[in-house]
Amino acid sequence: MSTVVTGYKESKDLLLKGAPDRIIKKCTKFDSFEGVKSLSESDREVLLQQVNVLAGQGLRCLAIAEIPGAGKLSDLTTENCTQKLGDINQYNSFEEGATFIGVVCIRDPPRPEVRPGINACKTAGIRVIMITGDAKETAIAIAKELNILEADDKISECVFTGSEFENMNASERKKAVGGDSGKVFARVEPSHKRELVKTLIEMDNVVAMTGDGVNDAPALKQAHIGIAMGITGTEVAKSASDMVLADDNFATIVKAVEEGRSIYSNMKAFIRYLISSNIGEVLSIFFSAFLGVPEGFTSVQLLWVNLVTDGPPATALGFNPADPDIMNKPPRR
(Lines give C-alpha, C1' and ligand atoms only; values in the text may rest on other atoms or scores of the structure.)
Protein backbone atom coordinates (compact mmCIF):
# COMPACT_ATOMS: atom_id res chain seq x y z
CA MET A 1 0.00 0.00 0.00
CA SER A 2 1.25 3.46 -0.89
CA THR A 3 -0.13 6.67 0.58
CA VAL A 4 0.57 10.29 -0.30
CA VAL A 5 0.64 12.35 2.90
CA THR A 6 1.22 15.99 3.83
CA GLY A 7 2.81 17.41 6.96
CA TYR A 8 5.34 14.60 7.39
CA LYS A 9 8.71 15.86 6.11
CA GLU A 10 8.11 17.89 2.99
CA SER A 11 5.00 19.38 1.44
CA LYS A 12 4.13 15.91 0.15
CA ASP A 13 5.63 12.49 0.84
CA LEU A 14 4.87 9.00 -0.45
CA LEU A 15 4.86 6.30 2.24
CA LEU A 16 4.98 2.59 1.35
CA LYS A 17 4.26 -0.54 3.38
CA GLY A 18 3.94 -4.18 2.42
CA ALA A 19 5.72 -7.50 2.02
CA PRO A 20 9.47 -6.99 2.60
CA ASP A 21 10.54 -8.76 -0.60
CA ARG A 22 8.31 -6.48 -2.68
CA ILE A 23 9.13 -3.25 -0.88
CA ILE A 24 12.91 -3.84 -0.91
CA LYS A 25 12.79 -4.34 -4.70
CA LYS A 26 11.38 -0.83 -5.07
CA CYS A 27 14.11 0.77 -2.92
CA THR A 28 17.37 2.27 -4.22
CA LYS A 29 18.43 3.80 -0.87
CA PHE A 30 18.15 3.02 2.82
CA ASP A 31 18.00 5.21 5.90
CA SER A 32 20.95 4.31 8.17
CA PHE A 33 22.24 5.78 11.44
CA GLU A 34 24.72 7.79 9.36
CA GLY A 35 22.02 9.08 7.03
CA VAL A 36 20.60 8.00 3.69
CA LYS A 37 22.87 5.65 1.70
CA SER A 38 22.69 3.82 -1.59
CA LEU A 39 21.16 0.33 -1.46
CA SER A 40 23.21 -2.23 -3.39
CA GLU A 41 22.15 -5.68 -4.55
CA SER A 42 24.21 -7.29 -1.79
CA ASP A 43 22.47 -5.04 0.77
CA ARG A 44 19.12 -6.29 -0.53
CA GLU A 45 20.20 -9.90 -0.06
CA VAL A 46 21.34 -9.18 3.51
CA LEU A 47 18.02 -7.50 4.31
CA LEU A 48 16.01 -10.37 2.86
CA GLN A 49 18.08 -12.90 4.81
CA GLN A 50 17.40 -10.99 8.04
CA VAL A 51 13.67 -10.86 7.22
CA ASN A 52 13.64 -14.62 6.55
CA VAL A 53 15.24 -15.26 9.95
CA LEU A 54 12.55 -13.15 11.66
CA ALA A 55 9.77 -14.77 9.62
CA GLY A 56 11.12 -18.20 10.57
CA GLN A 57 10.41 -17.30 14.21
CA GLY A 58 6.72 -16.93 13.39
CA LEU A 59 6.83 -13.14 13.11
CA ARG A 60 4.77 -11.32 10.50
CA CYS A 61 7.09 -8.84 8.82
CA LEU A 62 5.94 -5.58 7.28
CA ALA A 63 8.48 -3.41 5.45
CA ILE A 64 8.14 0.38 5.33
CA ALA A 65 9.74 2.88 2.94
CA GLU A 66 9.31 6.48 1.83
CA ILE A 67 9.79 8.77 -1.13
CA PRO A 68 10.45 12.30 0.17
CA GLY A 69 8.65 14.84 -1.96
CA ALA A 70 6.36 12.07 -3.29
CA GLY A 71 8.44 11.70 -6.48
CA LYS A 72 6.23 11.54 -9.59
CA LEU A 73 3.20 12.28 -7.42
CA SER A 74 4.54 15.57 -6.12
CA ASP A 75 1.94 17.45 -8.16
CA LEU A 76 -0.96 15.26 -6.97
CA THR A 77 -4.03 17.25 -5.91
CA THR A 78 -7.65 16.47 -5.14
CA GLU A 79 -8.53 17.93 -8.55
CA ASN A 80 -6.22 15.75 -10.67
CA CYS A 81 -6.07 12.58 -8.54
CA THR A 82 -8.66 10.70 -10.61
CA GLN A 83 -6.75 11.35 -13.82
CA LYS A 84 -3.31 10.85 -12.25
CA LEU A 85 -4.16 7.57 -10.51
CA GLY A 86 -6.52 6.19 -13.15
CA ASP A 87 -3.96 3.89 -14.80
CA ILE A 88 -3.04 1.02 -12.48
CA ASN A 89 -0.12 0.07 -14.74
CA GLN A 90 1.63 3.30 -13.70
CA TYR A 91 1.65 2.46 -9.99
CA ASN A 92 5.02 0.68 -10.07
CA SER A 93 6.68 3.73 -11.62
CA PHE A 94 5.21 5.94 -8.87
CA GLU A 95 6.88 3.75 -6.23
CA GLU A 96 10.34 3.47 -7.82
CA GLY A 97 13.39 4.93 -6.11
CA ALA A 98 12.05 4.63 -2.56
CA THR A 99 14.15 4.85 0.60
CA PHE A 100 13.99 1.77 2.83
CA ILE A 101 13.28 2.66 6.49
CA GLY A 102 12.89 -0.67 8.26
CA VAL A 103 10.77 -3.68 9.10
CA VAL A 104 7.98 -3.92 11.65
CA CYS A 105 7.61 -7.41 13.17
CA ILE A 106 4.24 -8.45 14.55
CA ARG A 107 3.55 -11.50 16.66
CA ASP A 108 0.01 -12.86 16.25
CA PRO A 109 -0.02 -15.83 18.66
CA PRO A 110 -2.54 -18.59 17.96
CA ARG A 111 -5.23 -19.15 20.56
CA PRO A 112 -4.35 -22.00 22.97
CA GLU A 113 -7.41 -24.02 21.93
CA VAL A 114 -6.51 -24.05 18.21
CA ARG A 115 -3.80 -26.75 18.40
CA PRO A 116 -6.08 -29.23 20.26
CA GLY A 117 -8.81 -28.39 17.74
CA ILE A 118 -6.55 -29.21 14.80
CA ASN A 119 -5.48 -32.46 16.48
CA ALA A 120 -9.18 -33.32 16.92
CA CYS A 121 -9.74 -32.65 13.21
CA LYS A 122 -6.94 -35.05 12.30
CA THR A 123 -8.38 -37.88 14.40
CA ALA A 124 -11.83 -37.15 12.92
CA GLY A 125 -10.52 -37.51 9.36
CA ILE A 126 -10.74 -33.78 8.57
CA ARG A 127 -7.77 -32.27 6.74
CA VAL A 128 -6.78 -28.75 7.76
CA ILE A 129 -5.09 -26.59 5.12
CA MET A 130 -3.56 -23.23 6.03
CA ILE A 131 -4.04 -20.46 3.46
CA THR A 132 -2.33 -17.17 4.34
CA GLY A 133 -0.94 -14.02 2.83
CA ASP A 134 2.07 -14.16 5.14
CA ALA A 135 5.58 -15.03 4.04
CA LYS A 136 6.43 -18.67 3.46
CA GLU A 137 8.80 -18.81 6.44
CA THR A 138 6.20 -17.31 8.79
CA ALA A 139 3.54 -19.73 7.56
CA ILE A 140 5.84 -22.73 8.10
CA ALA A 141 6.68 -21.64 11.66
CA ILE A 142 3.03 -21.14 12.61
CA ALA A 143 1.96 -24.38 10.89
CA LYS A 144 4.55 -26.35 12.88
CA GLU A 145 3.45 -24.64 16.09
CA LEU A 146 -0.17 -25.64 15.42
CA ASN A 147 0.80 -29.18 14.32
CA ILE A 148 -0.61 -28.64 10.82
CA LEU A 149 2.86 -29.62 9.62
CA GLU A 150 4.37 -32.59 11.44
CA ALA A 151 8.02 -33.44 11.88
CA ASP A 152 8.09 -35.99 9.05
CA ASP A 153 6.33 -33.75 6.50
CA LYS A 154 8.52 -32.65 3.58
CA ILE A 155 8.40 -28.87 3.19
CA SER A 156 8.93 -29.09 -0.57
CA GLU A 157 5.82 -31.28 -0.94
CA CYS A 158 3.61 -29.58 1.64
CA VAL A 159 4.29 -25.83 1.41
CA PHE A 160 3.67 -23.69 -1.67
CA THR A 161 3.28 -20.02 -2.49
CA GLY A 162 0.30 -18.62 -4.35
CA SER A 163 2.40 -17.88 -7.45
CA GLU A 164 3.79 -21.45 -7.46
CA PHE A 165 0.26 -22.85 -7.30
CA GLU A 166 -0.90 -20.51 -10.06
CA ASN A 167 1.84 -21.76 -12.43
CA MET A 168 0.87 -25.43 -11.94
CA ASN A 169 -1.27 -27.38 -14.38
CA ALA A 170 -4.44 -29.19 -13.27
CA SER A 171 -2.74 -32.48 -12.35
CA GLU A 172 0.05 -30.71 -10.45
CA ARG A 173 -2.51 -28.70 -8.49
CA LYS A 174 -4.36 -31.84 -7.46
CA LYS A 175 -1.08 -33.39 -6.35
CA ALA A 176 -0.18 -30.23 -4.40
CA VAL A 177 -3.44 -30.18 -2.40
CA GLY A 178 -3.85 -33.98 -2.21
CA GLY A 179 -2.35 -36.54 0.13
CA ASP A 180 -2.70 -37.09 3.85
CA SER A 181 0.00 -34.69 5.08
CA GLY A 182 -0.63 -31.13 6.20
CA LYS A 183 -0.65 -28.41 3.55
CA VAL A 184 0.32 -24.74 3.74
CA PHE A 185 -0.15 -22.07 1.06
CA ALA A 186 1.60 -18.74 1.66
CA ARG A 187 1.60 -15.37 -0.12
CA VAL A 188 -1.86 -16.23 -1.42
CA GLU A 189 -4.06 -13.78 -3.32
CA PRO A 190 -7.90 -13.91 -3.55
CA SER A 191 -7.86 -15.66 -6.94
CA HIS A 192 -5.50 -18.33 -5.58
CA LYS A 193 -7.87 -19.06 -2.68
CA ARG A 194 -10.77 -19.61 -5.02
CA GLU A 195 -8.71 -21.91 -7.27
CA LEU A 196 -7.57 -23.90 -4.22
CA VAL A 197 -11.17 -24.46 -3.14
CA LYS A 198 -12.18 -25.30 -6.73
CA THR A 199 -9.38 -27.90 -7.02
CA LEU A 200 -10.39 -29.56 -3.74
CA ILE A 201 -14.02 -29.75 -4.88
CA GLU A 202 -12.95 -31.31 -8.20
CA MET A 203 -11.22 -34.02 -6.14
CA ASP A 204 -14.62 -34.92 -4.56
CA ASN A 205 -13.85 -33.34 -1.20
CA VAL A 206 -16.44 -31.60 0.96
CA VAL A 207 -14.80 -28.24 1.50
CA ALA A 208 -15.32 -25.76 4.34
CA MET A 209 -13.56 -22.41 3.99
CA THR A 210 -13.04 -19.87 6.76
CA GLY A 211 -12.24 -16.18 6.26
CA ASP A 212 -12.99 -12.67 7.43
CA GLY A 213 -12.04 -10.25 4.67
CA VAL A 214 -13.43 -9.03 1.36
CA ASN A 215 -10.65 -10.95 -0.40
CA ASP A 216 -11.98 -14.21 1.13
CA ALA A 217 -15.50 -13.77 -0.28
CA PRO A 218 -14.96 -15.58 -3.64
CA ALA A 219 -13.52 -18.66 -1.89
CA LEU A 220 -16.23 -18.59 0.80
CA LYS A 221 -18.88 -18.56 -1.91
CA GLN A 222 -17.14 -21.33 -3.88
CA ALA A 223 -16.83 -23.72 -0.92
CA HIS A 224 -19.58 -26.12 0.14
CA ILE A 225 -19.62 -24.45 3.56
CA GLY A 226 -18.40 -20.86 3.87
CA ILE A 227 -17.61 -19.84 7.45
CA ALA A 228 -17.12 -16.15 8.24
CA MET A 229 -15.89 -14.46 11.40
CA GLY A 230 -18.68 -12.67 13.27
CA ILE A 231 -16.52 -10.18 15.20
CA THR A 232 -13.72 -9.21 12.82
CA GLY A 233 -15.41 -10.35 9.61
CA THR A 234 -16.53 -7.89 6.96
CA GLU A 235 -20.15 -7.72 5.83
CA VAL A 236 -19.10 -8.99 2.40
CA ALA A 237 -17.54 -12.12 3.94
CA LYS A 238 -20.59 -12.72 6.13
CA SER A 239 -23.05 -12.39 3.25
CA ALA A 240 -20.99 -14.82 1.13
CA SER A 241 -20.91 -17.43 3.91
CA ASP A 242 -23.26 -20.16 5.07
CA MET A 243 -22.23 -19.92 8.72
CA VAL A 244 -20.94 -17.10 10.92
CA LEU A 245 -18.80 -17.70 14.02
CA ALA A 246 -20.03 -15.49 16.85
CA ASP A 247 -16.72 -15.86 18.75
CA ASP A 248 -14.21 -15.97 15.82
CA ASN A 249 -12.79 -19.18 17.28
CA PHE A 250 -11.56 -22.11 15.17
CA ALA A 251 -12.31 -24.51 18.04
CA THR A 252 -16.00 -23.62 17.65
CA ILE A 253 -15.97 -25.19 14.17
CA VAL A 254 -14.63 -28.43 15.67
CA LYS A 255 -17.38 -28.33 18.32
CA ALA A 256 -19.96 -27.78 15.58
CA VAL A 257 -18.68 -30.84 13.71
CA GLU A 258 -18.90 -32.91 16.91
CA GLU A 259 -22.43 -31.65 17.57
CA GLY A 260 -23.46 -32.41 13.99
CA ARG A 261 -22.13 -35.95 14.21
CA SER A 262 -23.95 -36.44 17.52
CA ILE A 263 -27.25 -35.23 16.03
CA TYR A 264 -26.84 -37.51 13.02
CA SER A 265 -26.04 -40.50 15.27
CA ASN A 266 -29.11 -39.81 17.43
CA MET A 267 -31.31 -39.43 14.35
CA LYS A 268 -30.20 -42.85 13.12
CA ALA A 269 -30.97 -44.42 16.53
CA PHE A 270 -34.38 -42.67 16.58
CA ILE A 271 -35.32 -43.89 13.08
CA ARG A 272 -34.03 -47.42 13.61
CA TYR A 273 -36.06 -47.79 16.80
CA LEU A 274 -39.27 -46.51 15.19
CA ILE A 275 -38.88 -48.63 12.06
CA SER A 276 -38.06 -51.82 13.97
CA SER A 277 -41.05 -51.42 16.31
CA ASN A 278 -43.46 -50.40 13.57
CA ILE A 279 -42.44 -53.29 11.32
CA GLY A 280 -43.70 -55.71 13.99
CA GLU A 281 -47.06 -53.97 14.09
CA VAL A 282 -47.38 -53.87 10.30
CA LEU A 283 -46.45 -57.56 9.90
CA SER A 284 -48.91 -58.69 12.61
CA ILE A 285 -51.80 -56.82 10.94
CA PHE A 286 -50.74 -57.95 7.45
CA PHE A 287 -50.55 -61.67 8.33
CA SER A 288 -53.80 -61.47 10.32
CA ALA A 289 -55.58 -60.13 7.25
CA PHE A 290 -53.76 -62.56 4.95
CA LEU A 291 -54.67 -65.62 7.05
CA GLY A 292 -58.18 -64.41 7.71
CA VAL A 293 -57.83 -64.60 11.49
CA PRO A 294 -59.15 -61.89 13.83
CA GLU A 295 -57.00 -58.76 13.96
CA GLY A 296 -54.18 -58.91 16.48
CA PHE A 297 -54.55 -55.26 17.48
CA THR A 298 -57.55 -53.01 17.79
CA SER A 299 -57.32 -49.35 16.71
CA VAL A 300 -57.04 -48.19 20.33
CA GLN A 301 -54.21 -50.67 20.97
CA LEU A 302 -52.31 -49.49 17.89
CA LEU A 303 -52.74 -45.89 18.98
CA TRP A 304 -51.48 -46.77 22.46
CA VAL A 305 -48.43 -48.57 21.08
CA ASN A 306 -47.51 -45.67 18.78
CA LEU A 307 -48.07 -42.89 21.30
CA VAL A 308 -46.80 -44.50 24.51
CA THR A 309 -44.47 -47.41 23.86
CA ASP A 310 -42.90 -45.97 20.67
CA GLY A 311 -42.93 -42.18 21.05
CA PRO A 312 -41.23 -41.46 24.41
CA PRO A 313 -38.38 -44.03 24.07
CA ALA A 314 -37.65 -42.89 20.51
CA THR A 315 -37.67 -39.23 21.60
CA ALA A 316 -35.33 -40.09 24.48
CA LEU A 317 -32.86 -41.56 21.98
CA GLY A 318 -32.73 -38.16 20.27
CA PHE A 319 -31.28 -36.59 23.43
CA ASN A 320 -28.45 -39.07 23.93
CA PRO A 321 -25.04 -37.48 24.64
CA ALA A 322 -22.36 -37.83 21.97
CA ASP A 323 -20.39 -41.07 21.88
CA PRO A 324 -16.92 -40.68 23.46
CA ASP A 325 -15.24 -41.81 20.23
CA ILE A 326 -17.43 -39.84 17.83
CA MET A 327 -14.48 -37.62 16.78
CA ASN A 328 -12.27 -40.66 16.19
CA LYS A 329 -14.40 -41.93 13.31
CA PRO A 330 -13.85 -40.92 9.67
CA PRO A 331 -16.47 -38.70 8.02
CA ARG A 332 -19.41 -40.48 6.38
CA ARG A 333 -19.68 -40.20 2.62
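Does Ala237 count as buried or exposed? Ala237 counts as buried, because its relative accessibility is 0%; buried means under 20% relative accessible area, exposed over 50%, and partly exposed in between, with a 1.4 Å probe and protein chains only.

## Basis of the model

This is a predicted model, in which local features need pLDDT of at least 70 and side-chain atom pairs count only at pLDDT 80 or more, while totals for chains, interfaces and linings use all residues. Residues are numbered from 1 along each chain as its sequence is written, and side-chain values use heavy atoms, with hydrogens and water left out.

## Ala237 and its surroundings

Ala237 lies in helix α12, which spans residues 235-240. Helices (H or I, at least four residues) and strands (E, at least two) are DSSP runs, numbered from the N terminus. Leaving aside residues up to four places away in sequence, Ala237 touches Asp212, Gly213, Leu220 and Ala228; contact means heavy atoms within 4.5 Å.

From Ala237 to Asp248 there are 11 residues in sequence and 13 Å in space, C-alpha to C-alpha. Asp248 belongs to the loop between β12 (243-245) and α13 (250-291). With a relative accessible area of 13%, Asp248 is buried.

## Helix α2

Helix α2 runs over residues 41-55, 15 residues in total, and reaches 21 Å from its first C-alpha to its last, close to the 21 Å expected at 1.5 Å a residue. The expected span is 1.5 Å times one less than the number of residues. Arg44, Leu47, Val51 and Ala55 are the buried residues of α2. They sit on the same side of α2 because they cover an arc of only 75° around the axis, the arc being that of the directions from the helix axis to the C-beta atoms.

The buried residues of α2 pack against α1 (20-26), β3 (27-32), β5 (60-68), β6 (98-106) and α6 (136-145). On the face turned away from the buried side, α2 carries the exposed residues Gln49 and Val53.

## Helix α10

Helix α10 covers residues 190-202, with 13 residues, and its first and last C-alpha atoms are 19 Å apart, close to the 18 Å expected at 1.5 Å a residue. Its buried residues are His192, Lys193, Leu196, Val197, Thr199 and Leu200. Down the axis of α10, these buried residues fall within an arc of 160°, so they line one face of the helix.

The buried residues of α10 are covered by elements including β7 (129-131), α8, α9 (170-177), β9 (183-186), β10 (208-211) and α11 (217-222). After α10 comes Asp204, which has a positive phi near 65°.

## Helix α5

In helix α5 (residues 114-123), Val114, Gly117, Ile118 and Cys121 are buried. Seen down the axis of α5, they fall within an arc of 100°, so they line one face of the helix. These buried residues pack against α13. Just after α5, Gly125 takes a positive phi of about 80°.

## Positive phi in loops

Most residues other than glycine have a negative phi. Ala70 is not a glycine, yet its phi is positive, about 70°. Ala70 is in the loop between β5 and α3 (81-84), and at a relative accessible area of 0% it is buried. Asp248, also not a glycine, has a positive phi of about 55°.

## The second largest pocket

How much space lies in the second largest pocket? The volume is about 390 Å³. A pocket is found on a 1 Å grid over the protein atoms alone, as an open set of points where a 1.4 Å probe fits, with protein on both sides within 12 Å along at least five of seven lines; lining residues have an atom within 4 Å of a point. Grid points are joined across faces, edges and corners, and a volume is the space filled by probe spheres set on the points.

The second largest pocket is lined by 17 residues, of which Asp21, Arg22, Ala135, Thr161 and Arg187 are the closest to its centre. At least two lining residues come from each of α1, α2, α6 and α8 (162-166), and α1 gives the most, with 4 residues. The lining divides into 4 nonpolar, 5 polar and 8 charged residues. Here Ala, Val, Leu, Ile, Met, Phe, Trp, Tyr, Cys and Pro count as nonpolar, Asp, Glu, Lys and Arg as charged, and the others, Gly among them, as polar.
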